[in-house]
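Here's a quick tour of one protein model.

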Amino acid sequence: MSSTGIAKPATKRLLMVTTVVTTANAFLRPYAERMRGLGWQVFLATSDLEQRPGITASFDGVIQMPWRRSIWHFRANFTALHKMRSMLQSGQYDVVHTHTPIASFLTRLAC
């Protein structure tokens, strides 16, 4: 509660999901920065983080995902599905915003 006796709303949490980090760098970074400016906590779930090490500054948290861009990488994508399901259960996200086909499919399936 604030000094006025009115409860402050909890910080909203946004999870942005994309298969590869280049999508986050090219398209999602400005939205993440804007949402953070509005008081949201913004997280990113993606793969290949080593390609864009500076991306972490635009997010409150970045989660390395083991998924791959091809549906034929069954083991990696199955592992990613379970990791995403666990993240969604423990992360208490208010909004999950998905991008790219593989990440979107696996995230929706995890939901």
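In this predicted model, Ala 45 touches Leu 15, Met 16, Val 17, Thr 18, Ile 63, Met 65, Trp 67, Met 84 and Met 87, leaving aside its neighbours within four places in sequence; contact here means heavy atoms within 4.5 Å. Local features need pLDDT of at least 70 and side-chain atom pairs pLDDT 80 or more, while totals for chains, interfaces and linings use all residues. Residues are numbered from 1 along each chain as its sequence is written, and side-chain values use heavy atoms, with hydrogens and water left out.

**Inside**
- The largest nonpolar core has 17 residues, and Ala 45 is among those with the most contacts inside it. (Such a core is a set of buried Ala, Val, Leu, Ile, Met, Phe, Trp, Tyr and Cys residues joined through side-chain atoms within 4.5 Å; buried means under 20% relative accessible area, exposed over 50%, and partly exposed in between, with a 1.4 Å probe and protein chains only.)
- Strand 1 (13-20), strand 2 (41-47), helix 2 and helix 3 (101-110) each give two or more residues to this core. (Helices, H or I with at least four residues, and strands, E with at least two, are DSSP runs numbered from the N terminus.)
- Helix 2 gives the largest share, 5 residues.
- Apart from this core lies another, of 11 residues, including Leu 14 and Phe 59.

**Loops**
- Most residues other than glycine have a negative phi.
- Asp 48, in the loop between strand 2 and strand 3, has a positive phi near 60°.
- Gln 92, in the loop between helix 2 and strand 4 (95-98), has a positive phi near 50°.
- Gln 92 is exposed, at 64% relative accessible area.
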